Amino acid sequence: MNACHMLRATTISIMNSGVHPAILNTSTCLKIVNQLAYTRALYGCELWNNLTKSELLLLERAHRFVCKVIQGLPKRSRSDKCTSLLGWLCIECYIDKCKLLFFGRLCRLNSTHLPKQIMMARLLEFKYTCVDNQLGFIPDMYRLFIKYNLLQYVVNFIELGSFPSKIVWNNVVSQNIHKTEQLKWLERISNDSEFNFFKLIHPVIKLHKAWIIAKRYPDLRVASKYIIDLCAIVRIEAEQLLCEKCGKLFSNVLEHILCSCDFVLDYRNEMWRDIININPIQFSVYMDSLSSLEFTATLLSCDTIYELDDDESIVFSKLCVQHVYSTCKHFYR
Ligand SMILES: [Zn+2]
């Protein structure tokens, strides 16, 4: 398909021109790729109402490819990890969102406009099943209303003539799509043992804190990227392994480095000193009460469920990026 080819080709040419995660911040790459590749490749996708499953799969593959390239992750890393670290949904969601927003624009048009009149005629034809096997835009939209739990808005529109404003409709569509996709994603990763540790680190589809830190503190770009790499590849080994540096056994190498390896004890003490400096003091008690696996997952997520104020939360995220990076670098030196 032309769109798949355009998505891959435009991204590769953008990367070759120097917009690359090794040189630029990921958020900048993301913006450029979004504006150049996605707007071109998905131009007019509001009317793609007869996409076959194989066409959608090809688009999805191109989308995952872009997601990995932007973050500089290996091609073979798991897509559900890579997309969720960037806070991305699948490409079908983006197409669905464009379609639903286009439907909203049609509904808000003045009734004297021809497109609105045609849409209303088709909508009523569909409602009263005037045509057998109706095809095209409206049946496709009906599928989306059911899928994202939006049918009530359309029923209100037909019966009462009321439709939400642009901002409200955009919010409702975005929230419902995110909710639906989040549930599907959780179901997929819950049934896969390779995600056992990952779902402790990153249980929600949202931009990983390390990328936020990279944007805010450009000098931590390399360290942030390192954390993302760790999140994408780390897993719990089935068998115990022996640490060459300290002679202890472990099943999760990061848990070992960040919680028990004697080789990096000084680095760990330094990290604890910084954790204790975070206000309130109860936070360090909370961190100490976590199991070693939870503690490792918290450090890798650069985020905590403990309610810190905004400034302290950023300090904690920054601390995680710096210390995990320096400790692991020292271990693997
Ligand atoms: Zn060790």
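How do α11 and α12 run relative to each other, roughly parallel or roughly antiparallel? I opened the notebook with that pair.

**Ground rules.** I am working on a predicted model, where local features need pLDDT of at least 70, side-chain atom pairs count only at pLDDT 80 or more, and totals for chains, interfaces and linings use all residues. I number residues from 1 along each chain as its sequence is written.

**Helix pair.** I looked up helix α11 (residues 209-216) and helix α12 (residues 221-233); their axes come within 8 Å and cross at roughly 170°. Axes here are lines fitted to C-alpha atoms, for helices over the stretch in contact, with angles from 0 to 180 degrees between N-to-C directions. α11 and α12 are therefore roughly antiparallel. The classes are: under 35 degrees roughly parallel, over 145 roughly antiparallel, 65 to 115 roughly perpendicular, the rest oblique. I then listed the contact: A210, W211, I213 and A214 in α11 meet R221, S224, K225, I227 and I228 in α12. Contact means C-beta atoms, placed from the backbone, within 7 Å. These residues divide into six nonpolar, one polar and two charged. Nonpolar covers Ala, Val, Leu, Ile, Met, Phe, Trp, Tyr, Cys and Pro; charged covers Asp, Glu, Lys and Arg; the others, Gly among them, are polar.

**Whole protein.** I find 17 helices and two strands. Both are DSSP runs numbered from the N terminus: helices are H or I with at least four residues, strands E with at least two. The C-alpha trace spans about 75 × 45 × 35 Å along its principal axes. Buried residues make up 29% of the 333 residues. Buried means 20 or more other C-beta atoms within 10 Å of the residue's own, exposed 12 or fewer, partly exposed in between, with C-beta atoms placed from the backbone.

**Domains.** The assignment gives domain 1 (2-88), domain 2 (96-173) and domain 3 (209-331). Such bounds come from an automatic or database domain assignment. The C-alpha centres of domain 1 and domain 2 lie 29 Å apart. Their contact takes five residues from domain 1 and six from domain 2.

Most residues other than glycine have a negative phi, and most peptide bonds are trans. I checked the exceptions. A cis peptide bond joins N279 and P280, with omega about -5°. P280 sits in the loop between α14 (265-276) and α15 (282-289). N149 has a positive phi, near 60°. N149 is exposed, with 12 other C-beta atoms within 10 Å. Phi of C302 is also positive, near 55°. C302 counts as buried, with 26 C-beta neighbours inside 10 Å.

Terms used. Contact = placed C-beta atoms within 7 Å.
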